[in-house]
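Subject: A structure for you to explore

Hi there,

Here is the structure I promised to pass on to you. Have a look around first, and then read my notes below with the model open beside you.

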Amino acid sequence: PSRVTLRTIRKKYESGEPLSMVTAYDYPSAVHVDAAGIDILLVGDSVAMVVHGHDTTLPISLDDMIAHCKAAARGARRAFLVGDLPFGCYETDPRDAVRSAVRVLKEGGMDAVKLEGGSPARVEAARAIVETGVAVMGHVGLTPQSVSVIGGFRPQAQVADEALRVLDQAMALQAAGCFALVLECIPGPIAAAITRCLTIPTIGIGAGGQCSGQVLVYHDLLGMMSHPHHAKVTPKFCKQYARVGDIIGEALQAYRRDVEERAFPGPRFSPYSISEPEVRSLA
Ligand code: KIV
Ligand code: NA
């Protein structure tokens, strides 16, 4: 299968075909996402929460993100690869942003980077990265790296002036050269209006059905954490397409029972033989 490139993404967008995007953080998840024919594979900083077990995306380092990018890139042959710039590696100075973005491409093997926010400083960072020759996906609405100032993972743009601010940010990021924008946790009609105003694709998450594409987190859509203790991590806008966590739990319990009852390995999974004379010669 030929690789998805920015041209492929552009063609789909222009012909009104929805774009699919899913996160992946390692080799097996990337193989799954790629084999399913998903257009865009995002090595998201959500890895901090769903893989590393943190409560927010803030603690993940650029080095750790790059390690996840490398593993995911080895599993993907077709999908367009986007790596998140993590909190703290691009905000202070456009030169920092460029340096981080270049590492995500050169070391991580990604095709593009994603950064959060649409303030003038973030727009400058996006512009500097694009000018360096690295494609940038923007991300507005709920930007989880700003959870400290937002005061939690809460929907955004639910009043008119906030909605206009998100639109302004989206327009500025487009003008800076972003090839697409994630719209996270904003009302569907606002996401639809932003999508109509832009000439680049929007990828929605918790943003209704009128975006140019949709994105979900791998572990959330697969129902990986259906264990009650972890149920808090599946957001209400996420459709669970499976309950993989239940299947994993059942398999692990069946294995434990087999071990406890000596039902495993049994003759069927004890493949290595030694002849009787050899055994006797040991004694
Ligand atoms: O890190 C992530 O998973 C993301 C998506 C939710 C867009 O940024
Ligand atoms: Na992210």
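Let's start with a pair of helices: α8 and α9 cross in a right-handed way. Before going further, please keep in mind that this is a predicted model.

Helix α8 covers residues 160-175 and helix α9 covers residues 188-197; they pack at an angle of about 30°, with their axes 10 Å apart. Angles under 35 degrees count as roughly parallel, and α8 and α9 are therefore roughly parallel to each other. Which residues of α8 and α9 meet? On the α8 side they are Ala163, Val166, Leu167, Ala170 and Met171, and on the α9 side Ile190, Ile194 and Cys197. Sorted by class, the residues of this contact between α8 and α9 are eight nonpolar, with no polar and no charged ones.

While you are in this part of the chain, look at the loop between β6 (180-184) and α9, where you will find Cys185. The phi angle of Cys185 is near 50°, which is a positive value in a residue other than glycine.

Helix α5 (residues 94-106) packs against helix α6 (residues 120-132) at an angle of about 50°, and their axes are 8 Å apart. α5 and α6 are therefore oblique to each other. Their crossing is right-handed. From α5, the contact uses Pro94, Ala97, Val98, Ala101 and Val102, while α6 brings Glu124, Ala125, Ala128, Ile129 and Thr132. The α5 and α6 contact has eight nonpolar residues, one polar and one charged.

The other pair is α2 (residues 27-35) and α4 (residues 62-75), whose axes come within 7 Å and cross at roughly 45°. α2 and α4 are therefore oblique to each other. How does α2 pass α4, in a left-handed or a right-handed crossing? The crossing of α2 and α4 is right-handed. Here Tyr27, Pro28, Ala30, Val31 and Asp34 of α2 meet Ala71, Ala72, Arg74 and Gly75 of α4. The residues where α2 touches α4 comprise six nonpolar, one polar and two charged.

Next, the strands. A quick reminder from class: strands of a sheet pair through backbone hydrogen bonds, either parallel or antiparallel.

How many strands close into the barrel? There are eight, in the order β1-β2-β3-β4-β5-β6-β7-β8, and the pairing is parallel. From one strand to the next, the twist averages 25°. To see one pairing in detail, find β3 (residues 80-84) and β4 (residues 112-114), which pair in the parallel sense over three bridges. In that pairing, Val82 stands opposite Ala112 of β4. Helix α4 also packs on the sheet, where it touches β2 (40-43) and β3, and its direction makes about 150° with that of β2.

Then there is the ligand. Which residues are around ligand 1? They are Thr23, Leu42, Gly44, Asp45, Ser46, Asp84, Val182, Ile205, Val215 and Val217. By class, this shell around ligand 1 divides into five nonpolar, three polar and two charged residues.

Is the bond from Phe264 to Pro265 cis or trans? The bond from Phe264 to Pro265 is cis, with omega near 5°. Pro265 is found in the loop between α11 (244-260) and α12 (276-282).

Write back with any questions, and enjoy the tour!

Best wishes,
Your colleague

Methods:
Residues are numbered from 1 along each chain as its sequence is written. Chains are lettered from A and ligands numbered from 1 in the order in which they are written. This is a predicted model: local features need pLDDT of at least 70, side-chain atom pairs count only at pLDDT 80 or more; totals for chains, interfaces and linings use all residues. Axes are lines fitted to C-alpha atoms, for helices over the stretch in contact, and angles run from 0 to 180 degrees between N-to-C directions. Helices (H or I, at least four residues) and strands (E, at least two) are DSSP runs, numbered from the N terminus. Angles under 35 degrees count as roughly parallel, over 145 as roughly antiparallel, 65 to 115 as roughly perpendicular and the rest as oblique. A crossing is left-handed if the near helix is turned anticlockwise from the far one by less than a right angle, and right-handed if clockwise. Two residues are in contact if their C-beta atoms, placed from the backbone, lie within 7 Å. Ala, Val, Leu, Ile, Met, Phe, Trp, Tyr, Cys and Pro count as nonpolar, Asp, Glu, Lys and Arg as charged, and the others, Gly among them, as polar. Two strands pair if DSSP finds at least two bridges between them. A residue is near a molecule or strand if its C-beta atom, placed from the backbone, lies within 6 Å of it.
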